[in-house]
Amino acid sequence: MNPVRRRRLLFLVAIVAASALSMTLIAFALQRNVSYLYTPHEVLGGIAGAAVSSGEARFRLGGMVAGDSFSRAEGSMEARFRVTDGDAELPVRYTGLLPDLFREHQAVIATGRMDGDTFVAEQVLARHDETYVPKEVADKMGLAHDRHGVVTPADTTDAAQ
């Protein structure tokens with residue numbers, strides 16, 4: 001083989017190998033930072049998987065804050081509430097300041113891990129206007145509403161048109 005062609009071939013192989021290595025490293029880095037969204041029904045029903053239920057995996061919990069479930073001890077930063085999707089309720093413990101728009105009967109997404117039967121949240125996000133519900137939560141809540149025959153304001157608007 002011609003020395004020039006051989007050098008070009010080795011250069012090309014080195015570029016392909018470096019590209020493959022960098023893509024593999026990027027994939028591993030992204031995989032570690034991915035946190036999936038699950039509803040209380042999926043977590044408690046085992047649909048989310050053993051790693052989620054055991055507390056090994058970090059994930060996002062989405063749903064609505066259940067009515068009459070919020071409590072905070074006097075002088076404490078630890079808040080306790082339950083998140084529901086219409087099928088199940090999961091107790092949540094969070095230490096820190098909650099968002100200003102955090103309320104009962106409102107959409108919430110919390111990031112954290114399971115600790116026994118309680119979800120320990122590291123971060124809590126609340127909805128940010130009257131009609132907003134995160135798409136993933138809305139899709140999963142819609143399935144729960146369909147199963148339980150819950151009528152939403154959007155359903156009554158669609159029926160009127």
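**Strands around β4.** I began with strand β3 (residues 71-72), which is joined to β4 by 2 bridges, the two running antiparallel. Ser71 has Arg80 as its bridge partner in β4. For my own reference, strands are DSSP runs (E, at least two residues), as helices are (H or I, at least four), and both are numbered from the N terminus. Two strands pair if DSSP finds at least two bridges between them. The model is predicted, so I noted that local features need pLDDT of at least 70 and side-chain atom pairs count only at pLDDT 80 or more, while totals for chains, interfaces and linings use all residues. Residues are numbered from 1 along each chain as its sequence is written, and side-chain values use heavy atoms, with hydrogens and water left out.

Next I checked the other partners of β4. Strand β2 (residues 59-65) runs antiparallel to β4 and is joined to it by 2 bridges. With β5 I found 7 bridges, again antiparallel.

**The two hairpins.** I looked for positive phi values here. The hairpin of β3 and β4 has 5 residues between the strands, and Gly75 takes a positive phi near 75° in it. In the hairpin of β4 and β5, with 4 residues between the strands, I noted Gly86 with a positive phi near 95°.

**Thr84.** Which strand holds Thr84? I found Thr84 in β4. Thr84 is the bridge partner of Met64, and in β5 Thr84 has Glu89 as its bridge partner. I also took the C-alpha distance from Thr84 to Val65, which is 6.3 Å, although the two are 19 residues apart along the chain. Thr84 counts as buried at 16% relative accessibility; buried means under 20% relative accessible area, exposed over 50%, and partly exposed in between (1.4 Å probe, protein chains only). A polar atom of the Thr84 side chain lies 3.1 Å from the backbone oxygen of Ala88.

**Asp85.** Is Asp85 buried or exposed? Asp85 is buried, with a relative accessible area of 2%, and sits in the loop between β4 (78-84) and β5 (89-95). I looked for what its side chain touches and found a polar contact of 3.0 Å with the side chain of Thr39. Such a contact is a pair of N or O atoms within 3.5 Å; within protein, one must be able to donate a hydrogen and the other to accept it, and residues adjacent in sequence count only if both atoms are side-chain atoms. The backbone nitrogen of His41 also lies 3.1 Å from a polar atom of the Asp85 side chain.

**Rings.** I then turned to the aromatics and got 5 aromatic pairs in the structure. The ring centres of Tyr36 and Tyr38 are 6.5 Å apart with planes at 45°, so this pair is tilted. The cut-offs: rings of Phe, Tyr and Trp (its six-membered ring) pair if their centres lie within 6.5 Å, and planes under 30 degrees apart count as stacked, over 60 as edge-to-face and the rest as tilted. Tyr36 counts as exposed at 52% relative accessibility, whereas Tyr38 is buried at 17%. Ring pairs link Tyr36, Tyr38, Phe59 and Phe119 into a cluster.

I checked Val16, which is found in helix α1 (residues 3-33). Val16 is exposed, with a relative accessible area of 52%.
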